Amino acid sequence: ADSSLRRARRPSLAVSSVATSLHLWRGYLPAPLQRGPFGPRTQRGAAGGAMGAVYSALLAALGFAQPPLVTDFLFVGDSLTFYNGGVWEEVARLAPEGALGHIETVVEGYAPLAKLLPMARATLQQLGPKEEGRRRVCVLQEDLPETTVASFESAARDLAALCEQYGWELVLLSCWGYGAEGKPRPGLTPMSDGQVMKAHRRMATLLQREGHTCKIAPAGAAKARCELLLRNASLPAVPLLAKDNEHPSIALTHMMARCVVGAVYGR
């Protein structure tokens, strides 16, 4: 039995030794492995890229996850995005260590994506091509009760094409419906959380079929789920909306950020 236990332990010791050797060996590899969160991005020829690929493949085979790439963000949206100091501030707090790059914003109150499109285009053009070894994510937030589904789809398509051109992945930040209770204000189309989510799922499916990289950060669905769980458990309600029943509370802004981080980093 002792002999069997010793034999069973050997592979794990071997794996640890090999992994340790790889991490030590990594310090002597050419510069391409030192980019992103590990240091300055420099080039020393194709050999470094080949060695880096070998290193990554060996670590993956041993079950060691690679650190996420440094991610630059562009947030495009209205007051639902910039309320409570901005959802990007919470994303910055929640992002994995060493994985957060630059954050840019194109935000304006009562502005649908169709109105924000020219400013977003100018920002994307100014930022230029993607840098090697980095990741870019554009978070689009449409306030559907203040516009139409047709306008949202048209603007999202245009922005998806721009993102594709400049190397940005797309995340649709799906928010919530409002306006169904009481008399809606002028220019508002009452919508439910489910209707908002359905429109975003349809848009994401269309963009994916057209070859775009697109994910959903389902903040509205998370809000509805949270409310249902609290109600079923007979727990006190958590205020997820501000007093105007449209904008997010601090708790909901945090929830929005968690949905974005989940869509981007898979956690």
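Rings of Phe, Tyr and Trp (its six-membered ring) count as a pair if their centres lie within 6.5 Å, and planes under 30 degrees apart are called stacked, over 60 edge-to-face and the rest tilted. In this structure, ring pairs link F73, F75, W88 and Y265 into a cluster, and a search of the whole structure finds 3 aromatic pairs. This is a predicted model, in which local features need pLDDT of at least 70 and side-chain atom pairs count only at pLDDT 80 or more, while totals for chains, interfaces and linings use all residues. Residues are numbered from 1 along each chain as its sequence is written, and side-chain values use heavy atoms, with hydrogens and water left out.

**The pair F75 and W88**

The rings of F75 and W88 have their centres 6.1 Å apart and their planes at 50 degrees, so this pair is tilted. The two residues belong to distant parts of the chain, 13 residues apart, with F75 in strand 1 (residues 70–77) and W88 in helix 4 (residues 87–94); helices (H or I, at least four residues) and strands (E, at least two) are DSSP runs, numbered from the N terminus. F75 counts as buried at 1% relative accessibility, and W88 is likewise buried, with a relative accessible area of 15%, where buried means under 20% relative accessible area, exposed over 50% and partly exposed in between (1.4 Å probe, protein chains only).

**Helix packing**

Axes are lines fitted to C-alpha atoms, for helices over the stretch in contact, and angles run from 0 to 180 degrees between N-to-C directions.

| Helices | Angle | Axis distance |
|---|---|---|
| Helix 5 (residues 113–127) and helix 6 (residues 149–166) | about 5 degrees | 10 Å |
| Helix 8 (residues 219–232) and helix 9 (residues 250–265) | about 125 degrees | 9 Å |

Helix 8 and helix 9 are therefore oblique to each other, given that angles under 35 degrees count as roughly parallel, over 145 as roughly antiparallel, 65 to 115 as roughly perpendicular and the rest as oblique. Their contact (heavy atoms within 4.5 Å) is made by A219, A222, K223 and C226 of helix 8 and by L252, M255, M256 and C259 of helix 9.

**Positive phi in two loops**

Y110, found in the loop between strand 2 (100–107) and helix 5, has a phi near 55 degrees, a positive value in a residue other than glycine, and is exposed, with a relative accessible area of 60%. N245 is found in the loop between helix 8 and helix 9; its phi is near 60 degrees, again positive in a residue other than glycine, and at 47% relative accessibility N245 counts as partly exposed.
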